[in-house]
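User: I want to learn how to read a ligand site and the pockets of a model. Can you take me through one?

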Amino acid sequence: MADCVFCRIASGDLKARIVRETPELVAFMDLNPQAPTHILIIPRKHTASLAACKAEDEALLGKIQLLAAEIAAELGVSGGFRLVTNCGRGAGQSVDHLHYHLLGGRRMNWPPG
Ligand code: AMP
Ligand code: ZN
């Protein structure tokens with residue numbers, strides 16, 4: 001999708017501070033970090049949100065979680081990190097390409113805002 005900012009990052013058309021790439025996923029630093037560690041993990045394939053995922057995406061969703069845990073370990077935040085996807089405007093989703101926020105490096109509050 002040419003007009004999707006995360007598709008453009010996945011294709012290399014738009015620059016980002018990429019931390020990991022796999023054949024199916026890209027992880028890069030959030031432009032507006034909300035924690036000392038704030039990485040976004042996206043599938044290369046355009047999917048609007050978790051709500052748009054189908055049974056065929058099951059493995060992909062699992063890979064996102066496993067990659068998040070790997071990156072958390074690499075960045076030294078295994079002891080306290082959060083993985084979150086905002087799904088829909090009501091939850092604060094602003095980019096309509098499935099993405100997970102990996103947040104760490106500070107105390108996380110619960111319940112989230
Ligand atoms: P959400 O509000 O859950 O949809 O999250 C979108 C996230 O994408 C926000 O945290 C933004 O700071 C981040 N973001 C938007 N554009 C870019 C970009 N070009 N590079 C890196 N992060 C971005
Ligand atoms: Zn996209």
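Analyst: Start with the make-up of the shell. This is a predicted model. By class, the residues around ligand 1 are eight nonpolar, seven polar and one charged.

User: How many residues surround ligand 1, and which are the closest?

Analyst: There are 16, and the closest are Asp30, Asn86, Ser94, His99 and His101. Among elements, H1 gives the most to this shell, with three residues.

User: Which atoms of asparagine 86, serine 94 and histidine 101 lie by an oxygen atom of ligand 1?

Analyst: Look for N or O pairs within 3.5 Å. Asparagine 86 places a polar side-chain atom 2.8 Å from a ligand 1 oxygen. Serine 94 uses a backbone N or O atom, at 2.6 Å. For histidine 101, a side-chain N or O atom lies 2.8 Å from an oxygen of ligand 1. Of the 500 Å² of accessible area that ligand 1 has on its own, the protein covers 83%.

User: Now the pockets. Where does ligand 1 sit?

Analyst: Rolling a probe the size of a water molecule over the atoms shows where empty space is left. Ligand 1 sits in the largest pocket. That pocket holds about 520 Å³ of space. Its lining has 23 residues, with Gln34, Val84, Asn86, His101 and Leu103 closest to the centre. Strands S3 (37–43), S4 (81–84) and S5 (100–104) each give two or more residues to this lining.

User: What lines the second largest pocket?

Analyst: It is lined by 19 residues; Arg17, Phe28, Met29, Asp30 and Leu31 lie nearest its centre. By class they divide into 14 nonpolar, two polar and three charged. S3 supplies the largest share, four residues.

Key:
Residues are numbered from 1 along each chain as its sequence is written. Chains are lettered from A and ligands numbered from 1 in the order in which they are written. This is a predicted model: local features need pLDDT of at least 70, side-chain atom pairs count only at pLDDT 80 or more; totals for chains, interfaces and linings use all residues. Side-chain values use heavy atoms; hydrogens and water are left out. A residue is near a molecule or strand if one of its heavy atoms lies within 4 Å of it. A polar contact is a pair of N or O atoms within 3.5 Å; within protein, one must be able to donate a hydrogen and the other to accept it, and residues adjacent in sequence count only if both atoms are side-chain atoms. Accessible areas come from the Shrake-Rupley method with a 1.4 Å probe; for residues, only the protein chains shown count as cover. On a 1 Å grid over the protein atoms alone, a cavity is a set of points where a 1.4 Å probe fits but cannot get out, and a pocket is an open set with protein on both sides within 12 Å along at least five of seven lines; lining residues have an atom within 4 Å of a point. A molecule sits in a cavity or pocket if more than half of its atoms lie within 2 Å of its grid points. Ala, Val, Leu, Ile, Met, Phe, Trp, Tyr, Cys and Pro count as nonpolar, Asp, Glu, Lys and Arg as charged, and the others, Gly among them, as polar. Grid points are joined across faces, edges and corners, and a volume is the space filled by probe spheres set on the points.
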